[in-house]
Each structure stands twice: as structure tokens, then as C-alpha cells.
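Biologist: I have a model open and would like to learn how to read it feature by feature. Could you walk me through it?

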Amino acid sequence: MKTLFLLLFLLFLGATSPVMAEGATKVPLPPTYRYRLTLKDKGGSPYSVRHPEAFLSPKSIERRRRMGLAVDAHDLPVSPQYLEAIRKTGARIFNCSKWNNTVQVEVDDSLFVHTLRTLPFVTDILLVYASPDSVSLHDTTKRRHEIVADTVSSTHYYGMSQQQVAQLRLDSLHARGLRGSGVTVAVIDGGFYNADVIPAFKDTRILGVKNFARPDSSVFAEHPHGMMVLSCIAPDMPHRLVGTAPEASFYLLQSEDTWFEYRGEEDNWCAALEYADSVGADIVTSSLGYTHFDTPEATLRYEWLDGHHELNSRSASLAASRGMVLCNSAGNEGDGRWKKIGFPADAHDILAVGAVDDSGANTVFSSIGYSADHRVKPDVMARGAAAALLHTDGTVTTANGTSFACPIMAGAVACLCQAFPHLRPADIMNAVRQSGNSCSQPNEVYGYGVPNMLEAYHLLRTVR
């Protein structure tokens, strides 16, 4: 994995994931190509902003109403008339982004692009995926539930998560009964292996799951990274592991294809984010990001880190105006060749989260800013060195990465959203930044620093 923020989790867990444990078998793949079609408008659409109930859930509409946010043209679905015309060419619709007015289509022959170019409503076509000749698949015949084990106890109420909770002063909010109750968190990731059988998630409120990368595959049977991310927020196991928002509700959304990296994963991510909006999520946490792809022609550039150039960055920059707080990993390129934050951590109006250790010092791997248009990035920091979380067998362990700093922060933000459900994302995020220990001199390494969530809570009490 090259562009995911799945930072070397196999090394730091001290054990091999059962997903990767057995020998790999090469499986041939049929030729498949995916193209991103940009459409000129939403012509012929039967939808109207005056009737959002046709394309948004009651919870999504209520969130906008509560915050005084309007439904606008971005929210209108891609034109069904155009989609039908695309289908008639023989191309398969893989997913859509209504916010970007794009469609990702799948075909079996690269020459089919000439047919797609004849569609009068298509303004641009970009190849975003070309299947390799084969893929190496690992033997996962061992039944998943057989590996689940028990875990050790701790004398502290929070168990192994005590330091990462206390570092944010989040225990003070928990003591006030603010544990994420009534808040919906969407986790966009690369797979949630065993999250359906690990006892720590038995009482977790999972409202739904959806796989945007491989729609016919279970999100629970592939990669463990999303499960590990979820385990930073959701568990409620006193003296073992207590997450940052254990009373929140969750949607588990897989957008990442964990076999290889290609530009179409940005499209999958956008579709997942829009789905999170449509079902009424309040918080989105995403430990995914991109700096390069497996194909050299899809190279990304530093100057594009402006929050608008890349498809997923454009979508991320719209999340707050829909009423969602988006937390995204800054990236793990600090000691790599790229160094900088990835896409969509460059987005406007989100919290890009970097990683610190237990003393509050930045980790060597945490990606740095600024954005290309000179905004402070990362925004804030949380524990990402030896972060406490769950292994695929259900035991408590630790791992490194901004992948885990991000959900730790997202859960903390969920507690603030519980306390102030009427406040807009901009208010919440501003208070989080202003409570950071570097807020007086934000910089490209720490951003605004490690937030004090109790201070953020008191700042928000003054907002009207």
C-alpha cells in the first residue's frame, strides 16, 4: 500500500494479521477500465432543492435545518437522463459524485472511450483505473471468528486508551456525560475485518455498512485497518479499552481498494462521503489519503494541494457546508519522499489531523504543511504513536499512524457535537483549533497543536 495511511501496522502490532497470514495465490483479472466522466450540467433532472426528501434522509434534512444550512444545487443527484444515456452505450455505472457532477463508468475495452466521447453532455474524460493482469490473493479460509480472543484488564478505567483520552482533556467531557450519544459518525476506510465478531463491538451502534470499492464484497472480510480505526472511537470496555465516543452511532463505509492504488479510489471516496451526508452523519472520519498511485501517469503534484484541484479535496471542502465535521488523517509521509500532507487533507473547512506521542511531540512520520495556498496544515494533533486499539483477534494492542490520531480526534469532536448540536461545523472546528496548545503560533508541523477539549467546550458555550 503506497498512498493509504495504513502506516506499517503489521510491523507495529508485533503480529501478522490473519488476512495476510497465509501464502498468496496469483489470480488473473479480466481487462477492465474505469473512466471519470465530467458532466456539463444536471439537465433533465426531476429533482428539486425544494423537495430534498427525494434524495436526502430526514436526518440529513433535519441537520441542515437545525444549523440553518440550505440544500443547494450540489445536493441534486446526477441527472438520471444522462445516466440512462450512458448505460445505453454499454458502459456500466460504477458510482457517481453529485457534488462534482461526475460519473465513474466501467468498460472492458479501452477503445470504448471513443464512444464515451460522443456523448454531448460529457465535458471531460479521465482514465482512473486499468486492471492489472493479476492480483495476489491471500488464503482467508480460516473462519474469522475462530481467531477472536479475550484481552487483558487494566487498573485504569480507560484501560490502555487512558493517555490518548487524557491528552485531549476529553475525560472531563466524558465525566459530564458527553460520550457521543445521539451523534452519528461515518468511518470511511479500507475494510473492517472482524468488526462484526469482535466482542468489543458487540454493543456498538452500527447503523449500516456499504462497500464502494467492491460492492459485492463484505466490509467485514477484507482488510483490518477500518476496524482498527473504529476501535479508537467505539469500544466501551472499562479497564480494557474505552474509545473517545463510545456512545456514538456508526456507518462503516469502505471506499479503498486494498489490492492496489488507482485514481478511481478518489471517486469511491467522494461517493462514500456523499452517502454519509445523505444518511445524516454528523461526523466523518477518514484515515485515507493520496500522494501517488501505482501508475506513473497519475502522479500528483505539490502545487495541487489547494483544497480544490483533486476530486476528493473538492468534495471534502464541501462537507462543512452540508453540516458535517470532516476529520482526515494528515498522512504518514513526514519521513518519506513526499513529506507533505496528502489529498484530501489539503481541503478547506476540515480538520486534518497529525500525530504526536505521549509527551505531545510530533512523530517523525506525521506529514507536514502548509497547503499550497499557504493555509495552516495540519490543523490539529492527537495521539498517533503507540495509539491503543484492537487487533483482528479482539485483543488490545498499539499501533502507529496518523490513521489513528484522526479517529481519536473525531470521537472527541463527536462529544462536542453532542453538547452543541445546533452549532455549525465551522464553530466546532474553530473552537477545537483555538484550544490547541500551539494556537498562538500555528505552524506547518503542529498546526494549532493538541486541543484541550474542555477549553473548546467552554469556548463553544459562548457561541450563539
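Biologist: Let's start with Ser-60: which residues does Ser-60 touch?

Modeller: Contact means heavy atoms within 4.5 Å. Leaving aside residues up to four places away in sequence, Ser-60 touches Asp-277, Ser-278 and Gly-280. A note on the source: this is a predicted model, where local features need pLDDT of at least 70 and side-chain atom pairs count only at pLDDT 80 or more, while totals for chains, interfaces and linings use all residues. Residues are numbered from 1 along each chain as its sequence is written, and side-chain values use heavy atoms, with hydrogens and water left out.

Biologist: Is Ser-60 buried or exposed?

Modeller: Buried means under 20% relative accessible area, exposed over 50%, and partly exposed in between (1.4 Å probe, protein chains only). Ser-60 has a relative accessible area of 0%, so Ser-60 is buried. Ser-60 is found in helix 2 (residues 58-67); helices (H or I, at least four residues) and strands (E, at least two) are DSSP runs, numbered from the N terminus.

Biologist: How do I read a nonpolar core, and which residues in the largest one touch the most other members?

Modeller: Think of a set of buried Ala, Val, Leu, Ile, Met, Phe, Trp, Tyr and Cys residues joined through side-chain atoms within 4.5 Å. Here the largest nonpolar core has 74 residues, and Val-413 and Met-453 touch the most other members. Helix 11 (residues 402-419) gives the most to this core, with 12 residues. Beyond residues up to four places away in sequence, the contacts of Met-453 include Leu-168, Arg-169, Met-409, Val-413 and Val-432. A second, separate core of 24 residues includes Tyr-251, Ala-276, Leu-311 and Ile-350.

Biologist: How many disulfides does the structure hold?

Modeller: A disulfide is a pair of cysteine sulfur atoms within 2.5 Å. The structure holds 0 disulfides. For Cys-417, the nearest cysteine sulfur, that of Cys-327, is 8.8 Å away. Cys-417 counts as buried, at 13% relative accessibility. For Cys-439, the nearest cysteine sulfur, again that of Cys-327, is 18 Å away. Cys-439 is partly exposed, with a relative accessible area of 26%.

Biologist: That gives me a clear way to read these features. Thank you!
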